[in-house]
Amino acid sequence: MFLLNGQPLSVGRAFTYMGIQYPANWLQLASEAEKAAISITWVADPVRADDRFYWNGDINNPKMLDDREEVDENGDPMWVQVLDNSDPDNPVMVDSTERLVTRGLKHNWTLQVKDTAGKMLAQSDWYVTRKMERNVDMPVKVAEKRSAIRAECDRLETAIAACTTVEELINVVSNQNWTE
């Protein structure tokens with residue numbers, strides 16, 4: 001992005017500097033020397049952190065890794081709220097017996113890995129059904145592929161559970177090795 005005295009300039013928009021108005025196309029047409037003459041500099045846009053792991057793309061604001069049981073401002077446990085219709089004229093929300101839990105990245109990524117494995121296995125589930133119903137053997141390549149999918153799912157679940165930092169989790173989920 002272009003900066004003028006530390007302030008960003010929008011390409012394709014006119015701007016005024018020291019009483020001189022520059023047209024909307026000036027940044028595209030001006031030479032580097034002309035831009036430098038009025039102190040316009042180029043700074044690369046900041047790299048945005050992956051929003052799957054960081055809030056608002058801020059590398060200094062990682063999402064929560066582990067699940068957290070929620071508490072109120074007094075430190076008392078919070079519970080999932082349910083609708084109590086025992087008095088139909090006055091329905092109210094009441095605490096259930098289930099603790100309120102905010103799920104962390106490890107929980108969510110484990111679910112994602114299981115979902116991926118399940119979808120991949122579903123493509124060949126009919127071989128399992130055929131084996132059970134008609135005793136027709138599953139082709140060896142299909143059995144091997146299913147074993148590889150389950151092994152990768154197990155490997156990823158174990159690796160995710162072992163993560164202690166968001167960076168470790170990013171490394172694990174970036175190196176998934178599902179069979180083709």
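This is a predicted model: local features need pLDDT of at least 70, side-chain atom pairs count only at pLDDT 80 or more; totals for chains, interfaces and linings use all residues.
Leaving aside neighbours within four places in sequence, Ile-160 is in contact with Lys-106, Trp-109, Thr-110, Val-113, Leu-169, Val-172 and Val-173.

## Helix α6

Four residues of α6 are buried: Val-166, Leu-169, Val-172 and Val-173. Seen down the axis of α6, the buried residues fall within an arc of 120°, so they line one face of the helix. An α-helix has 3.6 residues a turn, so residues three or four places apart point the same way. The buried residues of α6 pack against α3 and α5. Among them, Leu-169, Val-172 and Val-173 are in contact with Ile-160, and Leu-169 is also in contact with Lys-106.

## Residues along helix α3

With a relative accessible area of 47%, Leu-111 is partly exposed, because it falls between the 20% limit for buried and the 50% limit for exposed. Leu-111 and Leu-29 are 82 residues apart in sequence, and their C-alpha atoms are 52 Å apart in space.

Leu-121 belongs to helix α3 (residues 105–122) and is buried, with a relative accessible area of 15%. Leaving aside neighbours within four places in sequence, Leu-121 is in contact with Arg-146, Ile-149 and Arg-150. Leu-121 and Cys-153 are 32 residues apart in sequence and 11 Å apart in space, C-alpha to C-alpha.

## Cysteines

The structure holds 0 disulfides. A disulfide is a covalent bond between the sulfur atoms of two cysteines. For Cys-153, the closest cysteine sulfur is that of Cys-163, at 15 Å, which is too far for a bond; the cut-off for a disulfide is 2.5 Å between the sulfur atoms. Cys-163 is likewise in no disulfide, its nearest cysteine sulfur being that of Cys-153, 15 Å away.

Both cysteines are buried: Cys-153 has a relative accessible area of 9%, and Cys-163 has a relative accessibility of 4%.

## The β-sheet

An open sheet of 3 strands has the order β2-β1-β5, and its pairing is antiparallel. Strands β2 (7–9) and β5 (40–42) stand at the edges with a single partner strand each, so one side of each has no neighbour in the sheet. On average, neighbouring strands of this sheet are turned by 40° against each other, direction ignored.

Strand β1 (residues 2–4) is joined to β2 by 3 bridges, and the two run antiparallel. Across this pair, Leu-3 stands opposite Pro-8 in β2.

## Positive phi in two loops

Most residues other than glycine have a negative phi, and most peptide bonds are trans. Asn-5 is not a glycine, yet has a positive phi of about 55°. Asn-5 is found in the loop between β1 and β2, and counts as exposed at 54% relative accessibility.

Asn-135 has a positive phi of about 60°, and is not a glycine either. The place of Asn-135 is in the loop between α4 (125–134) and α5. At 56% relative accessibility, Asn-135 counts as exposed.

Definitions and conventions. Residues are numbered from 1 along each chain as its sequence is written. Side-chain values use heavy atoms; hydrogens and water are left out. Buried means under 20% relative accessible area, exposed over 50%, partly exposed in between (1.4 Å probe, protein chains only). Contact means heavy atoms within 4.5 Å. Two strands pair if DSSP finds at least two bridges between them. Axes are lines fitted to C-alpha atoms, for helices over the stretch in contact, and angles run from 0 to 180 degrees between N-to-C directions. The arc is that of the directions from the helix axis to the C-beta atoms.
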